[in-house]
Amino acid sequence: MPSVGKIARRTFLIGSAAIAGGVAFGAYMVNRPIPNPLLDDLADGEAAITPFVKVTSEGITLITPRADKGQGSYSMQAYLIAEELDIDPTDTIRMPGLPGPAYYNAEVMAEGSPLPAYDESATAETIRSVLRVVPKLFSIQMTGGSSTVPDMFEKLRHAGAVARETLKEAAAQRLGVARVDLSTEDGHVIAPDGTRIAYTDLAADAAGIEPITDVTLRDPSDWRYLGKAGLPRIDMEAKCTGAEKYGIDLAFDSMLFASICANPGIGGALESFDASEAEGMPGVRRVLEVTAGNPGVAVIATNTWYAIQAARAVECNWGAPNYPASSAEMFDLLEAAVDNEENFDHRQREEGDVDAALSEGEVFEAQYRIPYLAHAPMEPMNAIVKVTDDRIDIWTGTQIPLFIKQRAALISGMDAEKIFVHV
Amino acid sequence: MQLTVNGNEHEVDVTPDMPLLWVLRDELNITGPKYGCGIAQCGACTVHVDGVAVRSCQLAIGDLAGGEVTTIEGLAEPDSLHAVQEAWIEHQVAQCGYCQSGQIMQAASFLDLNPEPTDEDIDAAMSANLCRCGTYPRIRAAIHAAAKKLQEA
């Protein structure tokens, strides 16, 4: 199994790149040896540049690629980098970054596997370990399954440490001293005589040297942010003053607004529609049939209100969806699907004597049912799309930016490289 | 049509039935007030008209009748945040934050009317402002803290 050994040796694969006026650091990690034939095809070129830390003369940017849906993950990702980089995260620019394969999420596939979370058998663990590699192979960048911190815990600290040591090396070369004699504090490299050099002053020097990748992560007892009670969210003030911008808040000059009237039975057809009233309403520019995704009718207008009003005025005849209309009927279907010999008597573990225990203790029987529940976030689904002859830009809050990119390519026929998803 | 928002006068060319929320958001690019439901069921769009909390998604611009509008962007003093905003930060209330502009505007207006609220008063006054993240216990704690700040001020 040569490839397994190869992966084990390169536990951390690191890249850095010169960017305009600065340097970007990244960490790219396969964190455990995985006996899996999929790995035979892994190419060396996978350590593509993965910027998590950008240093320019203008400032320090921390890239936090997992979406924040209120769980505080933008703050947590920034703290993970800052813990090693020695910088106050409020002194940085935080960006989710453009989606890319380097931001793949290993943990979400492991936890999202079709295995019960309690199944700790060797087979289940092997499958999970294989699944951790799959996102890397297929560039699955997604947020979900409580995977952000487990997936980013080492990657981002490592990126911070690589950036710190490389900045120290740049300072060492400039000052003619050894890197080990330098320390870092609050976005500065500190020379033995106390001279402070700002990271931003070292951007150009750092861009020209090989990144220092042989780094040791700090012991938890030395942590300044991580694990500390009362760690504030970095975006709290912006969320209390109306300054925080959500996807729905973005606006561009001469932007038009669309509201979609979609089949309430998902996947059901649009048999026919009458938009004659809507077409004459204030602000309405155009009425279009929606054919991609869930069928419906879109009204394009000069502001959201006009679009919503006109969409309500479109008369649609909907076809039925391919599922029952009530929860009771859905439960009947689910029950029929489960009530099958093949689903009985599955055993993940054999511990103790179950039959004996059941014969002497009190037996408690219960059935638990959970109806279908929509996520229903407060921010209604929305996206801004700007299409020009040579590129498409999409701004939207999403957990799966690369899927959006691929879907946009499919619909538009444009190359995926020319599609930019801003989250 | 003319309106005053956060002390600034604006002229907009829209139909009089257009709700204040959309005038603020789409015409004036004041995006602190949020669109959640559009039917006064969530409170995310709450602003003040002449100091009183209203659901801006239900107030037609033609019915504003010269009322002065304050949004979350205009709640703070020029050199300091409003006591409710300060309390919100101290108690780290916001999670996703989408409902919080409305929560804060509702709380500020409520404390004007009831400077020493009980838990029950707070629950009654705030129950129509929904938070999908479930920050209600911190909202309650922050309102008590803000009430104290306002009394001491």
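**Exercise 1. Find which element gives the largest share of the lining of the second largest pocket, then describe that pocket.**

Solution. 
- Helix α2 (residues 73-85) of chain A gives the largest share, three residues. Helices (H or I, at least four residues) and strands (E, at least two) are DSSP runs, numbered from the N terminus.
- The volume of the second largest pocket is about 280 Å³.
- Of its 14 lining residues, those closest to the centre are A:G230, A:L231, A:P232, A:R233 and B:Q92.
- By class, the lining holds five nonpolar, seven polar and two charged residues.
- A pocket is an open set of points on a 1 Å grid over the protein atoms alone, where a 1.4 Å probe fits, with protein on both sides within 12 Å along at least five of seven lines; lining residues have an atom within 4 Å of a point.

This is a predicted model: local features need pLDDT of at least 70, side-chain atom pairs count only at pLDDT 80 or more, and totals for chains, interfaces and linings use all residues. Residues are numbered from 1 along each chain as its sequence is written, chains are lettered from A and ligands numbered from 1 in the order in which they are written, and side-chain values use heavy atoms, with hydrogens and water left out.

**Exercise 2. Decide how helix α1 (residues 20-27) of chain B sits in the structure, and name what its buried residues pack against.**

Solution. 
- Six of the eight residues of α1(B) are buried, so the helix is largely enclosed by the rest of the structure. Buried means under 20% relative accessible area, exposed over 50%, partly exposed in between (1.4 Å probe, protein chains only).
- The buried residues are B:L20, B:L21, B:W22, B:V23, B:L24 and B:R25.
- They pack against α9 (304-313) of chain A and against β1 (2-5), β3 and β5 of chain B. Contact means heavy atoms within 4.5 Å.
- After α1(B) comes B:N29, with a positive phi near 55°.

**Exercise 3. Trace the pairing of strand β3 (residues 46-49) of chain B.**

Solution. 
- B:T46 and B:H48 point one way from β3(B), B:V47 and B:V49 the other way, and all are buried.
- β3(B) pairs with β4 (residues 52-55) of chain B in the antiparallel sense, over four bridges. Two strands pair if DSSP finds at least two bridges between them.
- B:H48 stands opposite B:A53 in β4(B).
- The two strands form a hairpin with two residues between them, and B:D50 in the turn has a positive phi of about 50°.
- β3(B) also pairs with β5 (residues 68-70) of chain B, antiparallel, over two bridges. Here B:V49 stands opposite B:V69.

Terms used
Points joined across faces, edges and corners; volume = space filled by probe spheres on them. Nonpolar A, V, L, I, M, F, W, Y, C, P; charged D, E, K, R; others polar.
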